[in-house]
Amino acid sequence: MLLSGWFIALLATGYLALLFAVARFGDARADAGKSIISANVYALSLAVYCTSWTFYGSVGRATSGGLSFLTIYIGPTLMLLFAGVILKMVRISKVHRITSIADFIASRYGKSQLLAGLVTVIAVVGVVPYIALQLKAISASLAVLFAQAGNDLFPWWLDTTFLIAIVLALFTIWFGTRHLDATERHEGMVAAVAFESVVKLFAFIAVGLFVTYGIFGGLGDLFQRAAASPELARLFSLDSGRAGTWTAMVLLSGLAIIFLPRQFQIIVVENVDESHLRRAVWLFPLYLLLINIFVLPIALGGLLHFQGQAVNPDTFVLTLPLAHGAQGLALLVFIGGLSAATGMVIVETIALSTMVCNDLVMPWLLRSTWLQAEKRQDLSGLLIGIRRAAIALILLLGYIYFRAAGEAYALVGIGLISFAAVAQFAPAMFGGMYWKQGTRAGAVAGLLGGFAVWLYTLLLPSFAKSHWIGGGFVEDGLLGVGWLKAQALFGLAGLDEISHCLLWSLFANIGLYVVVSLNSRPDATEARQAERFVDIFRHAGRETDARLWRGSASVEQLVALLERFLGPARARQQMASYAASRQIADWKKMSADADFVHFAEAELAGAIGSASARVMVASVAQEEDLGLDEVLDILDEATQVRAYSRELEVKQHELQAATGELRAANDRLRELDRMKDDFISTVTHELRTPLTSIRALSEMLHDDPRLELSDRKRFLGIIVNEAERLTRLINQILDMAKLESGRAEWTTGEVDIGEVVREAMDALGQLFRDKAVALEGDIPASGPVVLADRDRLTQVMINLLSNAVKFVPGGTGRVQVRVAVAGQRVRVEVADNGPGLTAEECNVIFEKFRQGGNTLTDKPQGTGLGLPISRQIVEYFGGNLWVESRPGAGANFIFTVPLPASEE
Amino acid sequence: MKRASLSRQRLAALGLLGLPLLTYPLLGLPSGSWAGIPAGYLYLFGVWAGLIALAAWVAERKGS
């Protein structure tokens, strides 16, 4: 029989052994430097949020409150989306070696032992009953199973719940305090918790599928059957009358997901890599969604199935499979519930024991004369001992609370009561991360005020409902004063108790925190910590830190301190790695500068909390008190330096850009200079050719009076031609120079381009006729009209036509002129059937003094400036001039001029 | 100065979008049922799943 007591005990023990194996494996891998904590494991470990209160209790809540149980999971989903806030918490904790939420708050407000203690007390008072709830859940699930099997396993005097508490304590001690880690990280535990998360999700979905599709005919069938009963139909209708409660619960659970000690432990302290948050942001909400899909169906299924019977809805997940003989499934559910409870208990007690040890016991121990008298070198063993004792004590407290409360109200409602307790950390935490003015006095006042209101409006009334204390303050108000009624404070009735408590406690908490902070002055340590926390992402770092500490210390004393609390082996290991990071071969040769003191303090903080670490370091180092003003000066200076360096960076960028521009400009100037030289030497050469010819012929005429008249006439003709060419050349050079320097005069107006082309053709008509070259035009009768300089356009046209007539063969030559509108441009083509140009020549002819044809053998036919000038002119009007040609296929010179933009 | 990365800002925007979608009064809008399943139940889980899908898309996108 599956459900015998022995088998159940064996199964539970086997499961815990498996869990332990997973944890050991995780630890072993961590020690070997091969962490198994991946982003997925991290995200799954967050599901320690889903305790047995989720596993069993959600169904119970759904049977009374309908869909409102979902608020507990919607809040965390939304909160995780503010990943920036969580990232900041993680970063701060890594930098300051923070190991618990108490340490976080204490460190921010000047490493205050008072605050650390206060936060620890609130956490313990708020959370111990929650641990009791887990014990109750395991006990209740066992009771259900044993009710079927008959408890023949344990004698009547042995309480199974006590046994469970002992096993859990041993378990937690085993893998929670294996060694004292500088970062309080427990990779084995995280791995085990992630494993448990998978188990409980699997178990819950299994029972959900069984109820929905095994017992009933699917979701639709289940809902339709439930809809038949008005009482059940109420459960899945969303009632806007509970709008306020709904929002309050979302807020409350959103705060709980980061401020419950176990959640802070898993999300912040156990985070090995900040990038894991990326996965957790959606994978953990997905987990929550999956584990909740079947809660309402199971609740409805249970209510339908057990109609009229007195079955505790909290146990539906067990009783429904059992009622249908699915014993294997019931055992799986039991294991799932065990996972949910053990995961929560382990992480919560580890987190609480760290806080109790570092923030309650250590401060007291450090002050006691016993410790000072005790000159034992190594206190690390003592620290572990304290933690183990704290774990045992917390579980014992949980057990006692469970025994005392039993079935009383105080246990059932404790989940949300715990949430409301840890919500009190929110103002001090958020304020501490984003508001530099928040002070220790403000945080203490806010926490005390919020905690007091929470006690009065939520915890004590729950005691009263359990009849442990008189209920007078709830019914009639404290001392009979009506407006002091615990759950209708100042007459505020009509809210449920959780919303009521949340409203008043946060009101008191935030109010006191803000008002007291604004009216108190931080001391130097506080001001420094405020700066470091709020500006964690842009903290100036080492140098400012070093300036903020002045005093003297000896390396020996600090090392002795580390050895005392970390153990000699671990202390030396840390020292060696610190020395290596500073490129010092032997740590014994280091000097105790500010940086080293900070390192030592951070290491100590990892082991005993920041507040105690501060006290211990101060006890061996002679520190100079800087005073608030000086600290603020240094911090302001650091801020300014940051601002300056940022400014400097910007200036440097500008300077670099300017240098680049200057270099480019310089290069361009050099290029221009070279071009000018080239130009001058070319011009000189071009001018000398006709001059030489003129001079030679003139000398011949001058020296030889016996020259024939015909020769004289011929020579004179050449002289006149060359002189003309010279004049033309000089004119064009001047023209070119004007165009290039931008000093040319332009008279821009509306020009009928067709008319200009026709006039140019007429002007050169004689030239064409002389050489017997055909000149044909394809020109619109009027227009197109462009904005240009008429004379300049004529110049371009004449240049193109005279080039064409120069290069076509006499007799068979043909030149065609076309004017057309293409898009937003006028396109003018002058095509000839001359020898054509090579691809290279097509480019070269637009350079100055470069001409078509072989200039070495042939006599130059032009000045070599016509085309460059024409191109300049056309480009001035916003157009282009180019040539399309192949050797032997004639040349087609084309230029375009944009049409004026239409008036629209 | 280091600014919050764009993906973090996008996630926070999703959070701000989710809050009104998953609380009253918007939560009171769906009524009736679809294939026998109450509209409110579908709406809650649908919006929730949608938020998670968007968050996954934003968070896991390369180069953001």
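Chain A and chain B share one salt bridge, meaning a side-chain nitrogen of Lys or Arg within 4 Å of a carboxyl oxygen of Asp or Glu. A:Arg279 pairs with B:Glu60, and their closest N and O atoms are 2.8 Å apart.

This is a predicted model: local features need pLDDT of at least 70, side-chain atom pairs count only at pLDDT 80 or more, and totals for chains, interfaces and linings use all residues. Residues are numbered from 1 along each chain as its sequence is written, chains are lettered from A and ligands numbered from 1 in the order in which they are written, and side-chain values use heavy atoms, with hydrogens and water left out.

The contact (heavy atoms within 4.5 Å) draws 40 residues from chain A and 32 residues from chain B. In chain A, A:Leu81, A:Leu238 and A:Arg278 lose the most area to chain B, together 20% of what that side buries. Buried area is the accessible area (1.4 Å probe) that two parts lose on being put together, summed over both. For chain A and chain B the figure is about 3200 Å², with 75% of it on carbon and sulfur atoms.

| Domain of chain A | Residues |
|---|---|
| domain 1 | 5-355 |
| domain 2 | 545-626 |
| domain 3 | 631-735 |
| domain 4 | 747-898 |

The C-alpha centres of domain 2 and domain 3 of chain A lie 72 Å apart.

Conventions: Domain bounds come from an automatic or database domain assignment.
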